Amino acid sequence: MSVVKRWGIAVAELGVFDKAWVEALATLIGLFLLAGAANWLTKRLTVHPVERLIARTPLRNEAGDVKALVRHLSNVVPAVIVLQGIAVITHLPDELVTVVQAIARAFIVLTLARALGDLLELGNDAYELKPEAASRPIKGYVQIGKIGVFAAAALLIVAILIGQSPIILLSGLGAAAAVLMLVFRDTILSLVASVQLRSNDMVRVGDWIEMPQLNADGDVIDIALHTIKVQNFDKTVTSVPTAKLITESFRNWRHMREWGGRRIKRALLLDQTTASFLSPAQWEALREFTILRPYMAAKDEELCIWNAQHAPDEAAEGEGAVNRRLPTNLGTFRAYVEAYLNAHPKVAERGTLLVRQLDPTEKGLPLEIYCFTTTTEWEQYEAIQGDIFDHLIAILPRFGLRLFQSPGGSDLAAAFAGHGLRGVDAAQEVGVAGQP
């Protein structure tokens, strides 16, 4: 201060500036320089030791939150120096001192609020290290806490700047409650939805959810207060409003993964014109299939009893055997498919297993396979499903059956070739046949 006074006296002797004004200005500059030096020194003494300390803890990935917390707390030091030092500077207007002190107090409140927000983020990051964090995320609650902290900070800052008590401002908020409800409508809805989602354990990070109405089909990668991010299988990200998961339906595949198997539900479209009775020779030929022998033995006994009761005098074969029951290729193939699935090592034993006929359509007779695999991995599931249907399609001709398939170009060419049509003639014949 003696240096500042001497400099002020020297400048005043030049006759250019007022001695008191120069002395106050010089002191003010020195105060801000002292505050800046204190800020630098505080960060120098705290940030680097904290970084070294974090490197020895499990919070290495959360180092950014800790450093931000320390920096914000370090900013309180220069604000306190300015707040206390501005009052001892002489020759400053009282209004200027009041304004600077109000700004310093407001800055301290804002800095503490930001530090508290960093502390909440640090708590969330530390919580996510726990195994149960995936099923019980607290990010939404942390965001609500940060909103409350910054709302309270904003209220205190306004009260400090206008020189009024925060209680007076709070009493005035009652009249603005309707406006606040409108402004924070989405936040309130998202908060309620978040509580319901977590209390009912409806969605977790890592769940595969499907929401076609919002083009969401993939894994949940983040659950926040207002939005839930879903990474689709094409690697795009869909942001779903949290409230939508309560007001609209969605499919969660997590329970399928927990159960340990994934469903196969697909049908073979069989040509109904290929369904027929099996002759004794054809029936005996099918005994080559080991997995069919139990079914065939039971079927022989069943048919023998039936025929003995209802057609004792009819021969086993011939046009007159109208009262006798005979095995069919379609029923035998259905039994083969069921036996094949039961013997398949990748088909789950505890899941429902059905081989059933659906209603016939103009595209054939659907024979639906309904079963569960022993894995939920996508690649393995598709491989198992493909292997099953590859085998069934290839084995169909052994039962005298054929898949239904709309005629293609090669079918038409073969048909016309059978009539002696080739090249341009065949094309012209197709064109003529296509005309009304």
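Guide: Begin with pairing: two strands pair if DSSP finds at least two bridges between them. This is a predicted model, and in it glutamine 357 stands opposite leucine 367 in strand 8.

Visitor: Which strand pairs with strand 8 over four bridges, and in what sense?

Guide: Strand 7 does, and the sense is antiparallel.

Visitor: How many bridges join strand 6 to strand 8?

Guide: Eight, and strands 6 and 8 run antiparallel.

Visitor: What holds paired strands to each other in general?

Guide: The strands of a sheet pair through backbone hydrogen bonds, and the pairing can be parallel or antiparallel.

Visitor: Are the residues of strand 8 buried or exposed?

Guide: A residue counts as buried when its relative accessible area is under 20%. In strand 8, eight of the eight residues are buried. Leu365, Leu367, Ile369 and Cys371 point one way, while Pro366, Glu368, Tyr370 and Phe372 point the other way.

Visitor: In what order do the strands of the open sheet lie?

Guide: Five strands form that sheet, in the order 4-3-2-1-5, with antiparallel pairing. Its edge strands are strand 4, residues 237–241, and strand 5, residues 251–252, each of which pairs on one side only. Strand 5 is joined to strand 1, residues 208–211, by two bridges. In one of the pairings, isoleucine 209 has asparagine 252 in strand 5 as its bridge partner.

Visitor: Now the helices. How far does helix 14 reach from its first C-alpha to its last?

Guide: The general idea is to compare the span with 1.5 Å a residue. Helix 14 covers residues 329–343, and its 15 residues reach 21 Å, close to the 21 Å expected.

Visitor: How many residues of helix 14 are buried?

Guide: Eleven of the 15, so helix 14 is mostly covered. Among them are Leu330, Phe333, Tyr336, Val337 and Tyr340. The buried residues pack against several elements, including strand 6 (263–270), strand 7 (354–357), strand 8 (365–372) and helix 15 (378–395). Helix 12 (280–285) and helix 13 (293–310) are also in that list.

Visitor: Which residues of helix 13 are buried?

Guide: Met296, Lys299, Leu303 and Asn307. They lie on the same side of helix 13 because they cover an arc of only 60 degrees around the axis. Pro294, Glu301, Cys304, Ala308 and Gln309 are exposed on the other side. Helix 12 is included in what covers the buried residues of helix 13. As for length, helix 13 has 18 residues and reaches 25 Å, close to the 26 Å expected.

Visitor: What does the chain look like when it is counted as a whole?

Guide: There are 17 helices and eight strands. Of the 436 residues, 35% are buried. The accessible surface comes to about 26,200 Å², and carbon and sulfur atoms account for 60% of that. For contacts with a separation of 6 or more, 63% are between residues 24 or more positions apart.

Visitor: What average pLDDT does the chain have?

Guide: The score is the predictor's confidence in each residue, from 0 to 100. Here the average is 80, and 80% of the residues score at least 70.

Visitor: Where does pLDDT stay under 50?

Guide: Over residues 421–436, for which the model has six contacts beyond four places in sequence.

Notes:
Residues are numbered from 1 along each chain as its sequence is written. This is a predicted model: local features need pLDDT of at least 70, side-chain atom pairs count only at pLDDT 80 or more; totals for chains, interfaces and linings use all residues. Side-chain values use heavy atoms; hydrogens and water are left out. Buried means under 20% relative accessible area, exposed over 50%, partly exposed in between (1.4 Å probe, protein chains only). Contact means heavy atoms within 4.5 Å. Accessible areas come from the Shrake-Rupley method with a 1.4 Å probe; for residues, only the protein chains shown count as cover. The expected span of a helix is 1.5 Å times one less than its number of residues. The arc is that of the directions from the helix axis to the C-beta atoms.
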